[in-house]
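Me: I would like to learn how to read the main features of a protein model, one after another. Could we begin with the strands and then move on to the cores and a helix?

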Amino acid sequence: TLEMNIPFMYLSRRQATDSGGFGKFAGGMAPEMVYMIYSGQNLKVSSYRHSRRTPANWGLFGGYPGGVNDALLVLGSKVRDWFHDSRAPTELKDAGLLGGDILNPIGANIPMRPVNNFDLLFVRLGAGGGYGDPLDRDPEAVLHDIKRKAVSVETAAQVYGVIVDGNMKIDMPATTARRQAIIDERLTA
């Protein structure tokens, strides 16, 4: 519907890894989209951003808050070169790899401004907060989260205390030790 009514083309829609609030019960993941201006004449865009510094969805009973909203406007990028190489940007971190001018004023809106064909708009919406202490999440559930790209291997180790080996198997002795180290860090903080 969006592509039929305005000159935006979806390059990507996905759920963003590490965006949902961490907890015994993880919060919902944030949607992340990449739009390209396409066949637009005299088009102007702006972005109003709320919940950029402070999450809109808090965690409960030790759960972490969900991810914050974000938006980037990339003007004059090398996206056509990427297309030539059968690639396309799929997430916010790709914006820095595309060259061009990135508009992302911290704590401010992107004011109304003209855009051209092949300019890009990257958007990530807020996510749901977690419920309960992440250390209480079953390690098998965390491994499942890693496999479905809800959680990165790094976050699994840092937040959930779950250590996964190169064969995507849980290292239980390392997991037990890491979880105890996180508890010890909390007690000394």
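Predicted model: local features only at pLDDT ≥ 70, side-chain atom pairs only at ≥ 80, totals over all residues.

Me: Which residue in β2 stands opposite methionine 9?

Reply: Strands of a sheet pair through backbone hydrogen bonds, either parallel or antiparallel. Here strand β1 (residues 8–15) and β2 run antiparallel and are joined by 7 bridges, and methionine 9 stands opposite methionine 36 in β2. β2 also pairs in the antiparallel sense with strand β7 (residues 120–124) over 5 bridges, where glutamate 32 stands opposite arginine 124.

Me: In what order do the 5 strands form the open sheet?

Reply: The order is β1-β2-β7-β4-β5, with antiparallel pairing. The edge strands are β1 and β5 (101–103), each of which pairs on one side only. From one strand to the next the twist averages 15°, where axes are lines fitted to C-alpha atoms, for helices over the stretch in contact, and angles run from 0 to 180 degrees between N-to-C directions. Between strand β4 (residues 70–75) and β7 there are 5 bridges, again antiparallel, and leucine 73 has leucine 121 of β7 as its bridge partner.

Me: How many residues of strand β2 are buried?

Reply: Buried means under 20% relative accessible area, exposed over 50%, and partly exposed in between, with a 1.4 Å probe and protein chains only. In strand β2 (residues 31–37), 6 of the 7 residues are buried.

Me: Which residues make up the largest nonpolar core?

Reply: In soluble globular proteins, nonpolar side chains tend to be buried together. A nonpolar core is a set of buried Ala, Val, Leu, Ile, Met, Phe, Trp, Tyr and Cys residues joined through side-chain atoms within 4.5 Å. The largest one has 12 residues, namely Phe22, Val142, Leu143, Ile146, Ala150, Val151, Ala156, Val159, Tyr160, Val162, Val164 and Ile170. At least two residues of this core come from each of α3 (139–147) and α4 (153–160). Apart from it lies another core, of 11 residues, including Val34, Leu72, Val79 and Leu120.

Me: Which residues of α5 are buried, and what do they pack against?

Reply: An α-helix has 3.6 residues a turn, so residues three or four places apart point the same way. In α5 the residues Thr175, Arg179 and Ile182 are buried. They cover an arc of only 55° around the axis, taken from the directions from the helix axis to the C-beta atoms, which puts them on the same side of α5. The buried residues of α5 pack against α3 and α4, contact meaning heavy atoms within 4.5 Å, whereas the face turned away from the buried side carries the exposed residues Pro173, Thr176, Leu187 and Thr188.

Me: How far apart are the end C-alpha atoms of helix α5?

Reply: The expected span of a helix is 1.5 Å times one less than its number of residues. The 17 residues of helix α5 (residues 172–188) should therefore span 24 Å, and the end C-alpha atoms are 24 Å apart, which agrees.

Note on methods:
Residues numbered from 1 in each chain as written. Heavy atoms only, no water. Helix = DSSP H or I, 4+ residues; strand = E, 2+ residues; numbered from the N terminus. Pairing = 2+ DSSP bridges.
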